[in-house]
Amino acid sequence: MAVADDIALIQKQEAELVFSVFDEAVAFKIGSTIRDRALAQGLPIIVDIRTFDRPLFYAAMPGSNASNPDWARRKINVVQRFLKSSYRMVLEQQRPDRSFKPGEGLDISDYVLAGGGFPITVKGAGTIGVIAVSGLPERADHGVVVDALCSHLGVDGRELALPPEAK
């Protein structure tokens, strides 16, 4: 699958994975779903769910490390600034150094091109927050979030899942 095809599929994910309501209970349910999957599959990740004004859910799995929360924070900043998933930004920017172009004025210590941050969008309100996962390769981090959102929203995840990355 070409990069353009991946971008188009992520745009479809962002358009379809929209909440009618998002609150603390929803954040806890989605976060718990991701946590349960991580524990069952031995995924060494952290999960950080927040609106743009406050944290709602955080969990660190066995095997995650001290770098993961900082990676998640920088992914969250990217989603908040651009209102797109951080993996879509990776594919659109095509920057192997993980930084934005110097003219963007975005410091690498606060913004990173890495997948795993996904916008929380509410019908009628727009993007209000972010679900971030860190600890796996970026395409897999993105997939963990998309899988959980599909499950929660009753969307067929097979239609929205990115295919395995070509080697």
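## A charge over a ring

A charge sits over a ring if NZ of Lys or CZ of Arg is within 6 Å of the ring centre and within 35 degrees of the ring normal. In this predicted model, R74 provides such a case: its charged end sits over the ring of W71, 4.6 Å from the centre.

## Basis of the values

Residues are numbered from 1 along each chain as its sequence is written, and side-chain values use heavy atoms, leaving out hydrogens and water. Because the model is predicted, local features need pLDDT of at least 70 and side-chain atom pairs count only at pLDDT 80 or more, while totals for chains, interfaces and linings use all residues.

## Aromatic pairs

The structure holds 3 aromatic pairs (rings of Phe, Tyr and Trp, the last by its six-membered ring, with centres within 6.5 Å; planes under 30 degrees apart are stacked, over 60 edge-to-face, the rest tilted). One of them joins F19 and F22 edge-to-face, at 4.9 Å centre to centre with 75° between the planes.

F28 and F57 also form an edge-to-face pair, with 5.9 Å between centres and 70° between planes. This pair links distant parts of the chain, 29 residues apart: F28 belongs to helix 2 (residues 24-41) and F57 to strand 3 (residues 54-60). Helices (H or I, at least four residues) and strands (E, at least two) are DSSP runs, numbered from the N terminus.

## Buried and exposed residues

Buried means under 20% relative accessible area, exposed over 50%, and partly exposed in between (1.4 Å probe, protein chains only). F19 is buried at 1%, and F22 is buried at 11%. F28 is exposed at 52%, whereas F57 is buried at 9%.
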